Amino acid sequence: MALNRLAVLVSRTLFPARYLSVTPGRRLRLFLGLAHGLVLWGCAPSGPSTLTTVPSRVDTIAIEAMAREFSSDAMRGRGPWTAENEMAARLLASQLDRLGARPLFGKSLLVPFVAQARPQDTVFNVVGVLPSRDGAASGDLIGITAHLDHLGVGAPDASGDSIYNGFLDAALPMAMVLDVARRYARSPGDRPLVVMFFNLEEQRLLGSKALLERPDADAIVSRLRLLIGVDAGSPAGEAIEWQLMGGLPMHAGAHLADSLARSRGWTTVTAAVRPISDVFPFAARGVPVLFPIPGKKWKGYTEGERDEAMRRFDHYHQPSDEWRPDFPLIGTASFADWLWTIVGSASDGRRTLK
Ligand SMILES: [Zn+2]
């Protein structure tokens, strides 16, 4: 079909391959969406580009590809103080750079630090800010974070596998955060989005603590109106009940996340922040934080089916926490999409936060 061939040509030229599925139908839809946007653009007398009115969707194909890359054996579990850990940090920085992120600390998206335990070894957090719709990176900020390190190579399991790939913990969350960042870059709000990938989370949150110890941290931290942490536990099914850790005492961001959950037919309970995530040291500095934890009820699953799915896919801190072809991305899709709606709404300057 000629239209489809044109669609292939135009879409290959205009869209990064990573974010494209290869199915001809998808390509055609993308092309038609783009053509529609161009027509609207042509008709619009002035104002912002209406290309951004083409709705952005969660891209599970890109999320899975990214998560597979971060949790591949080549990354050797992104172990602390390893070359592969730095490889993961550099890959994240290049992804953020492609989205137009700017450095917030120093001149690079790679923010170096040294942990007391290894004074000779510089390691990196990855931090960038995506500017608001007017191109500025000033004023109130919204933040989102996942950790880039995992456990590396260690004791082998019964199958002899010694690489702790960390697919759910936290390659998939990193990929979900990148997807939220991609959608923000496409439809920026009034409040810039700070994207932070912390290192050495598995070493008692050393990376986030090191960032907060910087003398220039206060100026940024005091502007954060909400920080969302994403970590292990993107469920294999659509969780319909969630714990909003950090939502107690209740704050505006928790109310927002709850109302957006309810509009999906989900429920939430709020809980006080616990020192199990990089959001914890930020909460201790007075930043309103949210760390969503999926509950035990999943849409379309009986309790037994859910338990079976957990047995198959949820292998916390084991070498078998790795990508597998039968991992269903339905839970990832709804989680990542909800995260985007929280970030998108929180970045609306008309909304009062804090
Ligand atoms: Zn972990």
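Predicted model: local features only at pLDDT ≥ 70, side-chain atom pairs only at ≥ 80, totals over all residues.
1. **Confidence.** The chain has a mean pLDDT of 89, and 84% of its residues come in at 70 or more. The stretch to treat separately is residues 1–50, where the pLDDT is below 50. In the model, that stretch has 33 contacts beyond near neighbours in sequence.

2. **The nonpolar core.** The largest nonpolar core holds 85 residues, and Val126, Met174 and Leu339 have the most contacts inside it. Helix α5 supplies the largest share of this core, with 13 residues. As background, nonpolar side chains in soluble globular proteins tend to be buried together.

3. **Val126 up close.** Leaving out residues up to four places away in sequence, Val126 touches Ala89, Leu92, Ala93 and Leu96, plus Leu109, Leu110, Leu148 and Phe197. Phe197 is also worth a look in β7, where it is buried and points the same way as Leu193 and Val195.

4. **Strand β7, both faces.** Six of the six residues in β7 are buried. Leu193, Val195 and Phe197 point one way, while Val194, Met196 and Phe198 point the other.

5. **Who pairs with β7?** Which strands pair with β7, and in what sense? With β3 the pairing is antiparallel, over five bridges, and with β4 (residues 141–147) it is parallel, over six bridges. Leu193 is a handy landmark here: it is the bridge partner of Leu130, and Ile142 stands opposite it as well.

6. **Helix α6.** This helix covers residues 206–213, and its buried residues are Leu206, Gly207, Ser208, Ala210 and Leu211. For anyone tracing the faces of a helix, an α-helix has 3.6 residues a turn, so residues three or four places apart point the same way.

7. **Pro188, a loop residue.** Pro188 sits in the loop between α5 (167–186) and β7. Is Pro188 buried or exposed? It counts as buried because it has 22 C-beta neighbours inside 10 Å, and the cut-off for that is 20 or more. Not counting residues up to four places away in sequence, Pro188 touches Leu130, Pro131, Ser132 and Arg133. The C-alpha atoms of Pro188 and Gly135 are separated by 8.9 Å, although these residues are 53 apart along the chain.

Key
Residues numbered from 1 in each chain as written. Buried ≥ 20, exposed ≤ 12 C-beta atoms within 10 Å, placed from the backbone. Helix = DSSP H or I, 4+ residues; strand = E, 2+ residues; numbered from the N terminus. Contact = placed C-beta atoms within 7 Å. Core = buried A, V, L, I, M, F, W, Y, C linked by C-beta atoms within 7 Å. Pairing = 2+ DSSP bridges. pLDDT = per-residue confidence, 0-100.
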